[in-house]
Amino acid sequence: MARADFTPADRGELYIGGRWRPAQGGGSIAVEDPFTERVVAHVPAGTPADVDEAVAAARSAFESWAALSPQQRSDYLRKLHDSLAKRADEIATTVTGELGTPIKVSARVQTGLPLTVLDGYVRMAATPQPEVEVGNSLILREPVGVVGAITPWNYPLHQVMAKVAAALAAGCTVVLKPSELTPLVAYLLFDAVHEAGLPPGVANLVPGTGSEVGAAIAGHSDVDMVSFTGSTATGRRISHLAADRIAKVSLELGGKSANVILDDAELGRAVKVGVANAFLNAGQTCTAWTRMLVPATRYAEALDLAAQAASAYAMGDPFEETTRLGPLASAAQRQRVHGFLRQGREEGATAITPEGVPDRGYFVAPTVLADVDPKSTVAQEEIFGPVLAVIPFGDDDEAVAIANDSRYGLAGAVWSGDPDRALAVARRMRTGAVDVNGASFNPLAPFGGYKQSGLGRELGVFGLEEFQQVKAVQR
Ligand code: NAD
């Protein structure tokens, strides 16, 4: 997979009711390659009228999709998986081209992970949880209805898949609005939807801006549930829109996760894995461990190790196999990160960073921040760039207090030579996930946030249940 393989074409249509059709407005959205800084393709800017049509298509498809047997829905999802898997290379090059993720990470994470998630839902769709009896009640699980899915740009297919696959498996129908920064990979998904022959209206695609299409979906009177991934600020706006009609909302929002390295941990490994986690996808990862908490007695050593690890993050063309750090997704994102770095310096932090960045592309150099006050902006706000704050602590209680001193609570990590001690700290962390000693990501485990990191869970059976209503039938 090379830069020459990235040859996206303009996409002029929306996918509604099982067919490609023109958008109702005349507007278009330019898609930029953040390495070349050039526009590479256009997609239509959908309108609220398009959303109306897509929701109507999803509504008319709902009853018959929900009435299929679990095995029938699973068979459709299997066809979708196979059709998407054929496009794996194109997905990886598309995400690298429109987002800037290094190609190896694109293949493994941006492509491999959503295929794994879809494969899981193929199986879960076929084997629904049994209906249970509670006293004289039979408890039924039913699909919520029409789901509006609104997604961000940082894992553009995975975040779509976590919603669409789970919703379809549960028997819901979907209207998707992908991020305007990375809509091309969503088109590949809908090429696969079409090829797989999903019944018309079951899955619909309306690209567009958040303020037009996103707001129209969130506020639509016939959308039963809004499933959103993105920033906390937008999540709040979407909640307000959905609250007017008491529609169900699930929110996967931002994070400022702590990587707690206890004094009996293997410091070298913990720091190296911690840096890799913080800089994955150029730090544009909601679960990134952006605060590294280290024992005060080993602070200088940890800083050295972190700076050394960071200096190995070669910046360059994300299509080059040797590149470990691609550009940020957009000029606006780079500007935002630069603003945080400026503010960090003003608040007393010291940036340890290599000299210079490539002369084109929206790069921010891999940066380790020392002397960070845990209450300061760079320790509290989600920066969404390759920036890691290293913060010292005295004892385990102080480590937990600093880790929990955040309005977010999405993810985190603990490292210790003693698994029981690590688990004890993990239990005290107010976050939706904690990885002990670098344990691997589990795509079947519930994923979601405490506090302002969100509401509800995605992935695995917990993610599927999010798209169900529960009914009690007394007999
Ligand atoms: P964003 O909130 O700006 O946009 C997300 C989506 O919402 C986009 O599709 C956008 O068009 C749409 N949108 C924007 N304004 C809207 C409105 N008024 N009404 C309806 N829709 C609207 O976020 P982003 O910049 O695309 O993504 C980065 C953010 O997403 C980060 O904060 C990151 O932490 C978060 N994120 C969270 C998770 C998670 O699972 N918790 C995963 C990935 C990203």
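Student: What covers the buried residues of helix H10?

Tutor: Good place to start! Keep in mind that this is a predicted model. The cover over the buried residues of H10 includes helix H9 (267–279) and strands S13 (291–295), S14 (350–352), S15 (367–370) and S16 (387–393).

Student: Which residues of H10 are buried?

Tutor: They are Tyr299, Ala302, Leu303, Ala306, Ala309 and Ala310.

Student: Why do the buried residues of H10 line one face of the helix?

Tutor: Here is the general idea: an α-helix has 3.6 residues a turn, so residues three or four places apart point the same way. In this case, the buried residues of H10 fall within an arc of 130 degrees when you look down the axis, so they line one face. Turned away from that buried side are the exposed residues Ala300, Asp304, Gln308 and Ser311.

Student: How many salt bridges does the structure hold?

Tutor: The structure holds 23 salt bridges. One of them joins Arg3 and Asp33, with the closest N and O atoms 2.9 Å apart. This pair links distant parts of the chain, 30 residues apart: Arg3 sits in the segment before strand S1 (13–16), and Asp33 in strand S3 (residues 28–33).

Student: Is Asp33 buried or exposed?

Tutor: Buried counts as under 20% relative accessible area, and Asp33 has 2%, so Asp33 is buried.

Student: Which residues are linked in a network of salt bridges?

Tutor: Look for Arg78, Asp82, Asp119 and Arg123. Within that group, Arg78 and Asp119 form a salt bridge, their closest N and O atoms being 2.9 Å apart. Arg78 lies in helix H2 (residues 70–85) and Asp119 in helix H4 (residues 103–126).

Methods:
Residues numbered from 1 in each chain as written. Predicted model: local features only at pLDDT ≥ 70, side-chain atom pairs only at ≥ 80, totals over all residues. Heavy atoms only, no water. Buried < 20%, exposed > 50% of the residue type's maximum accessible area, 1.4 Å probe, protein only. Helix = DSSP H or I, 4+ residues; strand = E, 2+ residues; numbered from the N terminus. Arc of directions from axis to C-beta. Contact = heavy atoms within 4.5 Å. Salt bridge = Lys/Arg side-chain N within 4 Å of Asp/Glu carboxyl O.
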